[in-house]
Amino acid sequence: MQIEQLQIFEIDNPHQVSSVEVHAQVLITSWVVIALLIALPVVATRNLQTIPTGLQNFIEYVLEFIRDLTRTQMGEEEYRPWVPFIGTMFLSIFVSNWSGALLPWRVIQLPHGELAAPTNDINTTVALALLTSIAYFYAGLHKRGFSYFGKYIHPTPVLLPINILEDFTKPLSLSFRLFGNILADELVVAVFVSLVPLIVPVPMMLLGLFTSAIQALISATLAAAYIGESMEGHH
Amino acid sequence: MNTLWAIPAIAEEAEEKGKIFDFNLTLPIIVAEFLLLMLALDNLWFKPVAKVMDERDEAIRQKLMGVRDNSDEIKKLQEQAEAILKAARAETTAELNKMRRETAASLDAKLQESRQRVEKELAEALANLESQKEETLRSLDKQVQELSDQIVAKVIPF
(Lines give C-alpha, C1' and ligand atoms only; values in the text may rest on other atoms or scores of the structure.)
Protein backbone atom coordinates (compact mmCIF):
# COMPACT_ATOMS: atom_id res chain seq x y z
CA MET A 1 0.00 0.00 0.00
CA GLN A 2 2.67 2.38 0.95
CA ILE A 3 4.65 1.63 -2.17
CA GLU A 4 1.57 2.13 -4.36
CA GLN A 5 0.82 5.49 -2.85
CA LEU A 6 4.37 6.62 -3.34
CA GLN A 7 4.31 5.57 -6.93
CA ILE A 8 0.97 7.26 -7.58
CA PHE A 9 2.35 10.42 -6.09
CA GLU A 10 5.39 10.23 -8.29
CA ILE A 11 3.28 9.55 -11.35
CA ASP A 12 1.14 12.58 -10.58
CA ASN A 13 4.06 14.98 -10.79
CA PRO A 14 4.80 14.65 -14.55
CA HIS A 15 1.16 15.48 -15.28
CA GLN A 16 1.50 18.68 -13.31
CA VAL A 17 4.74 19.51 -15.10
CA SER A 18 3.27 18.67 -18.48
CA SER A 19 0.42 21.12 -17.97
CA VAL A 20 2.94 23.91 -18.54
CA GLU A 21 4.50 22.24 -21.52
CA VAL A 22 5.75 24.32 -24.35
CA HIS A 23 6.91 23.52 -27.86
CA ALA A 24 10.29 25.11 -27.55
CA GLN A 25 11.21 24.50 -31.19
CA VAL A 26 8.25 26.62 -32.27
CA LEU A 27 9.26 29.40 -29.93
CA ILE A 28 12.86 29.33 -31.12
CA THR A 29 11.92 29.54 -34.80
CA SER A 30 9.31 32.19 -34.09
CA TRP A 31 11.97 34.29 -32.38
CA VAL A 32 14.15 34.00 -35.49
CA VAL A 33 11.21 35.12 -37.64
CA ILE A 34 10.55 38.08 -35.34
CA ALA A 35 14.24 39.01 -35.41
CA LEU A 36 14.21 38.99 -39.23
CA LEU A 37 11.01 41.02 -39.38
CA ILE A 38 12.36 43.66 -37.03
CA ALA A 39 15.86 43.83 -38.52
CA LEU A 40 14.54 44.57 -42.02
CA PRO A 41 12.75 47.88 -41.31
CA VAL A 42 15.41 49.00 -38.82
CA VAL A 43 18.07 48.66 -41.53
CA ALA A 44 15.91 50.01 -44.31
CA THR A 45 14.57 53.12 -42.55
CA ARG A 46 18.04 54.32 -41.63
CA ASN A 47 18.08 57.02 -44.26
CA LEU A 48 14.64 57.66 -45.67
CA GLN A 49 14.70 59.79 -48.78
CA THR A 50 12.00 61.28 -50.95
CA ILE A 51 13.27 59.41 -53.97
CA PRO A 52 13.61 55.83 -52.76
CA THR A 53 16.31 53.43 -53.76
CA GLY A 54 17.09 49.80 -53.05
CA LEU A 55 15.83 48.57 -49.70
CA GLN A 56 13.58 51.55 -49.07
CA ASN A 57 11.94 50.88 -52.41
CA PHE A 58 11.30 47.30 -51.33
CA ILE A 59 9.75 48.11 -47.98
CA GLU A 60 7.61 50.81 -49.55
CA TYR A 61 6.42 48.27 -52.10
CA VAL A 62 5.53 45.82 -49.33
CA LEU A 63 3.62 48.48 -47.41
CA GLU A 64 1.80 49.53 -50.58
CA PHE A 65 0.89 45.91 -51.22
CA ILE A 66 -0.47 45.43 -47.71
CA ARG A 67 -2.39 48.71 -47.84
CA ASP A 68 -3.90 47.76 -51.16
CA LEU A 69 -4.90 44.34 -49.83
CA THR A 70 -6.54 45.86 -46.76
CA ARG A 71 -8.23 48.61 -48.72
CA THR A 72 -9.68 46.17 -51.24
CA GLN A 73 -11.30 44.11 -48.51
CA MET A 74 -12.40 46.81 -46.13
CA GLY A 75 -13.15 49.88 -48.22
CA GLU A 76 -11.51 53.27 -48.40
CA GLU A 77 -12.81 54.83 -45.19
CA GLU A 78 -12.07 52.20 -42.61
CA TYR A 79 -8.99 50.36 -43.71
CA ARG A 80 -6.30 52.58 -42.17
CA PRO A 81 -6.37 51.36 -38.54
CA TRP A 82 -6.27 47.73 -39.62
CA VAL A 83 -3.15 47.91 -41.78
CA PRO A 84 -0.80 46.98 -38.91
CA PHE A 85 -2.82 43.92 -37.98
CA ILE A 86 -3.21 42.60 -41.51
CA GLY A 87 0.36 43.54 -42.33
CA THR A 88 1.73 41.66 -39.34
CA MET A 89 -0.47 38.69 -40.15
CA PHE A 90 0.74 38.56 -43.74
CA LEU A 91 4.41 39.20 -42.99
CA SER A 92 4.68 36.83 -40.04
CA ILE A 93 3.05 33.97 -41.92
CA PHE A 94 5.03 34.66 -45.09
CA VAL A 95 8.40 34.88 -43.35
CA SER A 96 7.58 31.88 -41.13
CA ASN A 97 6.70 29.72 -44.10
CA TRP A 98 9.64 30.76 -46.22
CA SER A 99 12.07 30.49 -43.31
CA GLY A 100 10.92 26.93 -42.82
CA ALA A 101 11.53 26.17 -46.47
CA LEU A 102 14.71 28.14 -47.12
CA LEU A 103 16.76 28.32 -43.92
CA PRO A 104 18.94 25.28 -43.14
CA TRP A 105 17.31 24.38 -39.85
CA ARG A 106 18.55 20.80 -39.92
CA VAL A 107 22.06 22.04 -39.16
CA ILE A 108 20.94 22.65 -35.57
CA GLN A 109 20.23 19.35 -33.85
CA LEU A 110 17.77 19.38 -30.99
CA PRO A 111 17.53 16.61 -28.37
CA HIS A 112 13.79 16.21 -28.92
CA GLY A 113 12.02 17.24 -32.09
CA GLU A 114 13.48 19.43 -34.80
CA LEU A 115 13.40 23.01 -36.00
CA ALA A 116 11.08 23.88 -38.86
CA ALA A 117 8.59 26.56 -39.83
CA PRO A 118 6.73 27.79 -36.76
CA THR A 119 3.50 27.54 -38.72
CA ASN A 120 3.70 23.78 -38.91
CA ASP A 121 2.51 23.64 -35.33
CA ILE A 122 -1.19 23.66 -34.56
CA ASN A 123 -0.59 26.12 -31.71
CA THR A 124 0.70 28.80 -34.03
CA THR A 125 -2.01 28.53 -36.61
CA VAL A 126 -4.81 28.32 -34.08
CA ALA A 127 -3.29 31.32 -32.28
CA LEU A 128 -3.41 33.35 -35.51
CA ALA A 129 -6.93 32.17 -36.30
CA LEU A 130 -8.16 33.06 -32.82
CA LEU A 131 -6.57 36.49 -33.15
CA THR A 132 -8.45 36.96 -36.42
CA SER A 133 -11.70 35.92 -34.76
CA ILE A 134 -11.18 38.28 -31.87
CA ALA A 135 -10.26 41.01 -34.35
CA TYR A 136 -13.41 40.73 -36.39
CA PHE A 137 -15.58 40.48 -33.29
CA TYR A 138 -13.92 43.56 -31.91
CA ALA A 139 -14.31 45.40 -35.21
CA GLY A 140 -17.99 44.62 -35.43
CA LEU A 141 -18.77 45.51 -31.82
CA HIS A 142 -16.66 48.64 -31.92
CA LYS A 143 -18.30 49.92 -35.06
CA ARG A 144 -21.90 48.91 -34.55
CA GLY A 145 -22.27 48.24 -30.83
CA PHE A 146 -24.68 45.55 -29.83
CA SER A 147 -26.59 45.81 -33.07
CA TYR A 148 -23.66 43.81 -34.42
CA PHE A 149 -25.47 40.73 -33.12
CA GLY A 150 -28.27 41.55 -35.50
CA LYS A 151 -26.12 40.18 -38.28
CA TYR A 152 -26.86 36.67 -37.09
CA ILE A 153 -30.43 36.94 -38.30
CA HIS A 154 -29.53 39.19 -41.20
CA PRO A 155 -30.85 37.58 -44.39
CA THR A 156 -33.47 35.47 -42.64
CA PRO A 157 -33.75 34.15 -39.05
CA VAL A 158 -33.80 30.65 -40.50
CA LEU A 159 -30.07 31.03 -41.10
CA LEU A 160 -29.36 31.76 -37.41
CA PRO A 161 -27.79 28.35 -36.62
CA ILE A 162 -25.64 28.55 -39.74
CA ASN A 163 -24.46 32.04 -38.84
CA ILE A 164 -23.55 30.91 -35.35
CA LEU A 165 -21.78 27.90 -36.79
CA GLU A 166 -19.83 30.24 -39.07
CA ASP A 167 -18.22 31.82 -36.02
CA PHE A 168 -16.71 28.48 -35.24
CA THR A 169 -15.89 27.31 -38.72
CA LYS A 170 -14.10 30.51 -39.69
CA PRO A 171 -11.21 30.14 -37.24
CA LEU A 172 -11.25 26.39 -37.73
CA SER A 173 -10.82 26.64 -41.48
CA LEU A 174 -8.23 29.42 -41.22
CA SER A 175 -6.08 27.46 -38.83
CA PHE A 176 -6.38 24.12 -40.55
CA ARG A 177 -5.78 25.51 -44.00
CA LEU A 178 -2.47 27.03 -42.97
CA PHE A 179 -1.45 24.18 -40.68
CA GLY A 180 -2.27 21.48 -43.22
CA ASN A 181 -0.52 23.18 -46.11
CA ILE A 182 2.71 23.86 -44.26
CA LEU A 183 2.97 20.60 -42.35
CA ALA A 184 2.06 18.51 -45.38
CA ASP A 185 4.59 20.28 -47.58
CA GLU A 186 7.31 19.75 -45.00
CA LEU A 187 6.46 16.08 -44.64
CA VAL A 188 6.41 15.48 -48.38
CA VAL A 189 9.76 17.21 -48.84
CA ALA A 190 11.17 15.22 -45.93
CA VAL A 191 9.98 11.97 -47.49
CA PHE A 192 11.40 12.89 -50.89
CA VAL A 193 14.71 13.87 -49.36
CA SER A 194 14.90 10.63 -47.45
CA LEU A 195 14.26 8.68 -50.66
CA VAL A 196 16.20 10.60 -53.35
CA PRO A 197 18.18 13.42 -51.78
CA LEU A 198 19.56 14.89 -55.01
CA ILE A 199 17.35 16.59 -57.62
CA VAL A 200 13.90 15.11 -57.13
CA PRO A 201 12.83 17.09 -54.04
CA VAL A 202 13.64 20.44 -55.68
CA PRO A 203 10.40 20.87 -57.71
CA MET A 204 8.43 19.97 -54.61
CA MET A 205 10.40 22.55 -52.63
CA LEU A 206 9.71 25.22 -55.25
CA LEU A 207 6.03 24.32 -55.21
CA GLY A 208 6.20 24.58 -51.44
CA LEU A 209 7.61 28.10 -51.66
CA PHE A 210 4.84 29.10 -54.02
CA THR A 211 1.98 27.56 -52.04
CA SER A 212 3.25 28.84 -48.72
CA ALA A 213 3.40 32.36 -50.12
CA ILE A 214 -0.15 31.94 -51.39
CA GLN A 215 -1.23 30.69 -47.98
CA ALA A 216 0.16 33.80 -46.34
CA LEU A 217 -1.75 35.93 -48.82
CA ILE A 218 -4.94 33.95 -48.34
CA SER A 219 -4.76 34.14 -44.56
CA ALA A 220 -4.24 37.87 -44.63
CA THR A 221 -6.93 38.44 -47.27
CA LEU A 222 -9.48 36.34 -45.43
CA ALA A 223 -8.72 38.05 -42.14
CA ALA A 224 -9.25 41.41 -43.82
CA ALA A 225 -12.40 40.13 -45.51
CA TYR A 226 -13.91 38.90 -42.24
CA ILE A 227 -13.10 42.15 -40.51
CA GLY A 228 -14.52 44.16 -43.40
CA GLU A 229 -17.62 42.01 -43.51
CA SER A 230 -18.31 42.47 -39.83
CA MET A 231 -17.85 46.24 -40.09
CA GLU A 232 -20.19 46.87 -42.97
CA GLY A 233 -23.65 47.92 -41.94
CA HIS A 234 -27.02 46.86 -43.22
CA HIS A 235 -27.50 48.19 -46.71
CA MET B 1 1.84 -7.73 -7.43
CA ASN B 2 1.47 -4.13 -6.37
CA THR B 3 4.36 -3.05 -8.53
CA LEU B 4 2.61 -4.64 -11.51
CA TRP B 5 -0.03 -1.91 -11.28
CA ALA B 6 2.69 0.65 -11.52
CA ILE B 7 4.20 -0.60 -14.78
CA PRO B 8 1.68 0.83 -17.28
CA ALA B 9 1.75 4.12 -15.41
CA ILE B 10 5.54 4.25 -15.60
CA ALA B 11 5.33 3.31 -19.27
CA GLU B 12 2.95 6.23 -19.87
CA GLU B 13 5.34 8.54 -18.09
CA ALA B 14 8.22 7.41 -20.26
CA GLU B 15 6.41 7.75 -23.63
CA GLU B 16 6.73 11.05 -25.46
CA LYS B 17 3.72 13.02 -26.54
CA GLY B 18 3.38 12.48 -30.27
CA LYS B 19 -0.06 13.95 -30.70
CA ILE B 20 -0.60 16.13 -33.69
CA PHE B 21 -3.15 18.35 -31.94
CA ASP B 22 -1.03 19.15 -28.99
CA PHE B 23 -2.34 22.38 -27.51
CA ASN B 24 -0.31 23.84 -24.74
CA LEU B 25 1.23 27.02 -23.43
CA THR B 26 2.78 27.68 -26.83
CA LEU B 27 -0.54 29.07 -28.03
CA PRO B 28 -0.87 32.06 -25.69
CA ILE B 29 2.85 32.71 -26.04
CA ILE B 30 2.45 32.97 -29.80
CA VAL B 31 -0.53 35.28 -29.33
CA ALA B 32 1.58 37.54 -27.10
CA GLU B 33 4.46 37.43 -29.58
CA PHE B 34 2.17 38.37 -32.45
CA LEU B 35 0.75 41.37 -30.59
CA LEU B 36 4.22 42.59 -29.61
CA LEU B 37 5.40 42.11 -33.21
CA MET B 38 2.40 44.09 -34.44
CA LEU B 39 3.29 47.01 -32.15
CA ALA B 40 6.95 46.85 -33.13
CA LEU B 41 6.28 46.68 -36.87
CA ASP B 42 3.74 49.48 -36.66
CA ASN B 43 6.23 51.80 -35.02
CA LEU B 44 9.31 50.72 -36.94
CA TRP B 45 7.97 50.10 -40.41
CA PHE B 46 4.38 51.05 -41.15
CA LYS B 47 4.31 54.48 -39.54
CA PRO B 48 7.65 55.89 -40.80
CA VAL B 49 7.29 54.49 -44.32
CA ALA B 50 3.66 55.62 -44.52
CA LYS B 51 4.77 59.09 -43.47
CA VAL B 52 7.40 59.26 -46.23
CA MET B 53 4.98 57.95 -48.84
CA ASP B 54 2.20 60.34 -47.86
CA GLU B 55 4.58 63.30 -47.77
CA ARG B 56 5.79 62.38 -51.24
CA ASP B 57 2.20 62.20 -52.52
CA GLU B 58 1.48 65.63 -51.03
CA ALA B 59 4.61 67.13 -52.59
CA ILE B 60 3.72 65.69 -55.98
CA ARG B 61 0.18 67.04 -55.71
CA GLN B 62 1.50 70.49 -54.79
CA LYS B 63 3.87 70.47 -57.73
CA LEU B 64 1.09 69.43 -60.07
CA MET B 65 -1.08 72.34 -58.85
CA GLY B 66 1.86 74.71 -59.32
CA VAL B 67 2.48 73.44 -62.83
CA ARG B 68 -1.14 74.00 -63.74
CA ASP B 69 -0.91 77.71 -62.73
CA ASN B 70 2.33 78.11 -64.62
CA SER B 71 0.69 76.95 -67.81
CA ASP B 72 -1.60 80.02 -67.81
CA GLU B 73 1.38 82.32 -67.49
CA ILE B 74 3.09 80.48 -70.25
CA LYS B 75 0.07 80.97 -72.52
CA LYS B 76 0.12 84.73 -71.86
CA LEU B 77 3.81 84.92 -72.60
CA GLN B 78 3.28 82.93 -75.76
CA GLU B 79 0.61 85.33 -76.95
CA GLN B 80 2.85 88.29 -76.27
CA ALA B 81 5.67 86.70 -78.17
CA GLU B 82 3.40 86.00 -81.12
CA ALA B 83 2.17 89.62 -81.17
CA ILE B 84 5.74 90.89 -81.19
CA LEU B 85 6.63 88.50 -83.97
CA LYS B 86 3.65 89.61 -86.04
CA ALA B 87 4.54 93.29 -85.64
CA ALA B 88 8.15 92.62 -86.56
CA ARG B 89 7.09 90.63 -89.61
CA ALA B 90 4.77 93.44 -90.79
CA GLU B 91 7.53 95.95 -90.34
CA THR B 92 10.02 93.96 -92.33
CA THR B 93 7.57 93.33 -95.19
CA ALA B 94 6.78 97.04 -95.37
CA GLU B 95 10.45 97.91 -95.51
CA LEU B 96 11.05 95.22 -98.06
CA ASN B 97 8.31 96.58 -100.30
CA LYS B 98 9.69 100.09 -100.02
CA MET B 99 13.15 98.88 -100.92
CA ARG B 100 11.73 96.98 -103.85
CA ARG B 101 9.90 100.00 -105.18
CA GLU B 102 12.95 102.21 -104.82
CA THR B 103 15.23 99.84 -106.61
CA ALA B 104 12.64 99.34 -109.33
CA ALA B 105 12.38 103.10 -109.81
CA SER B 106 16.12 103.59 -110.01
CA LEU B 107 16.40 100.66 -112.38
CA ASP B 108 13.74 102.19 -114.59
CA ALA B 109 15.54 105.51 -114.59
CA LYS B 110 18.79 103.89 -115.58
CA LEU B 111 17.03 101.91 -118.26
CA GLN B 112 15.50 105.05 -119.70
CA GLU B 113 18.84 106.79 -119.67
CA SER B 114 20.66 104.08 -121.51
CA ARG B 115 17.81 103.76 -124.02
CA GLN B 116 18.02 107.41 -124.77
CA ARG B 117 21.75 107.17 -125.18
CA VAL B 118 21.41 104.29 -127.51
CA GLU B 119 18.77 106.06 -129.54
CA LYS B 120 20.93 109.11 -129.79
CA GLU B 121 23.88 107.12 -130.96
CA LEU B 122 21.69 105.30 -133.38
CA ALA B 123 20.40 108.54 -134.78
CA GLU B 124 23.96 109.83 -135.03
CA ALA B 125 25.08 106.73 -136.80
CA LEU B 126 22.13 106.94 -139.17
CA ALA B 127 22.85 110.57 -139.89
CA ASN B 128 26.44 109.61 -140.48
CA LEU B 129 25.40 106.91 -142.82
CA GLU B 130 23.08 109.28 -144.64
CA SER B 131 25.78 111.86 -145.11
CA GLN B 132 28.20 109.21 -146.27
CA LYS B 133 25.60 107.92 -148.66
CA GLU B 134 25.07 111.40 -150.12
CA GLU B 135 28.75 111.90 -150.35
CA THR B 136 29.32 108.67 -152.17
CA LEU B 137 26.34 109.46 -154.38
CA ARG B 138 27.83 112.85 -155.16
CA SER B 139 31.22 111.40 -155.84
CA LEU B 140 29.58 108.76 -157.95
CA ASP B 141 27.76 111.45 -159.80
CA LYS B 142 31.01 113.21 -160.41
CA GLN B 143 32.68 110.03 -161.54
CA VAL B 144 29.75 109.25 -163.78
CA GLN B 145 30.00 112.73 -165.21
CA GLU B 146 33.72 112.25 -165.82
CA LEU B 147 33.20 108.86 -167.36
CA SER B 148 30.51 110.12 -169.62
CA ASP B 149 32.75 113.01 -170.67
CA GLN B 150 35.52 110.58 -171.47
CA ILE B 151 33.20 108.37 -173.43
CA VAL B 152 31.90 111.33 -175.35
CA ALA B 153 35.44 112.51 -176.03
CA LYS B 154 36.40 109.07 -177.19
CA VAL B 155 33.34 108.60 -179.26
CA ILE B 156 33.45 112.05 -180.78
CA PRO B 157 37.13 112.76 -181.37
CA PHE B 158 36.83 113.88 -184.90
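Chain A of this predicted model has seven helices and zero strands, helices (H or I) being DSSP runs of at least four residues and strands (E) runs of at least two, numbered from the N terminus. From the N terminus, the order of elements is α-α-α-α-α-α-α. Of its 235 residues, 40% count as buried (under 20% relative accessible area, with exposed meaning over 50% and partly exposed in between; 1.4 Å probe, protein chains only). Where contacts in chain A (heavy atoms within 4.5 Å) join residues at least 6 apart in sequence, 65% are between residues at least 24 apart.

Residues are numbered from 1 along each chain as its sequence is written, and chains are lettered from A and ligands numbered from 1 in the order in which they are written. Local features need pLDDT of at least 70, side-chain atom pairs count only at pLDDT 80 or more, and totals for chains, interfaces and linings use all residues, while side-chain values use heavy atoms, without hydrogens and water.

Helices H5 (residues 122–144) and H7 (residues 201–231) of chain A have axes that come within 8 Å and cross at roughly 25°. H5(A) is therefore roughly parallel to H7(A) (angles under 35 degrees). Their crossing is right-handed, the near helix being turned clockwise from the far one by less than a right angle. On H5(A), the contact is made by A:Thr132, A:Ala135, A:Tyr136, A:Ala139, A:Gly140, A:Lys143 and A:Arg144, and on H7(A) by A:Ala223, A:Tyr226, A:Ile227, A:Ser230 and A:Met231. By class, this contact has seven nonpolar, three polar and two charged residues.

Over all chains, the structure holds 14 aromatic pairs (ring centres of Phe, Tyr or Trp, the last by its six-membered ring, within 6.5 Å; planes under 30 degrees apart are stacked, over 60 edge-to-face and the rest tilted). The rings of A:Phe85 and B:Phe34 are edge-to-face, with centres 5.7 Å apart and planes at 75°. This pair crosses between chains, from helix H4 (residues 83–102) of chain A to helix H2 (residues 26–155) of chain B. A:Phe85 is buried at 6% relative accessibility, and B:Phe34 is buried at 4%.

A:Phe137 and A:Tyr148 also form an edge-to-face pair, at 5.8 Å centre to centre and 70° between the planes. A:Phe137 lies in helix H5 of chain A and A:Tyr148 in the loop between H5 and helix H6 (160–195), eleven residues apart. A:Phe137 is partly exposed at 26%, whereas A:Tyr148 is buried at 0%. One aromatic cluster is formed by A:Tyr136, A:Phe137, A:Phe146, A:Tyr148, A:Phe149, A:Tyr152 and A:Tyr226.

Methods: Axes fitted to C-alpha atoms, helices over the stretch in contact; angles between N-to-C directions. Parallel < 35°, antiparallel > 145°, perpendicular 65-115°, else oblique. Nonpolar A, V, L, I, M, F, W, Y, C, P; charged D, E, K, R; others polar.
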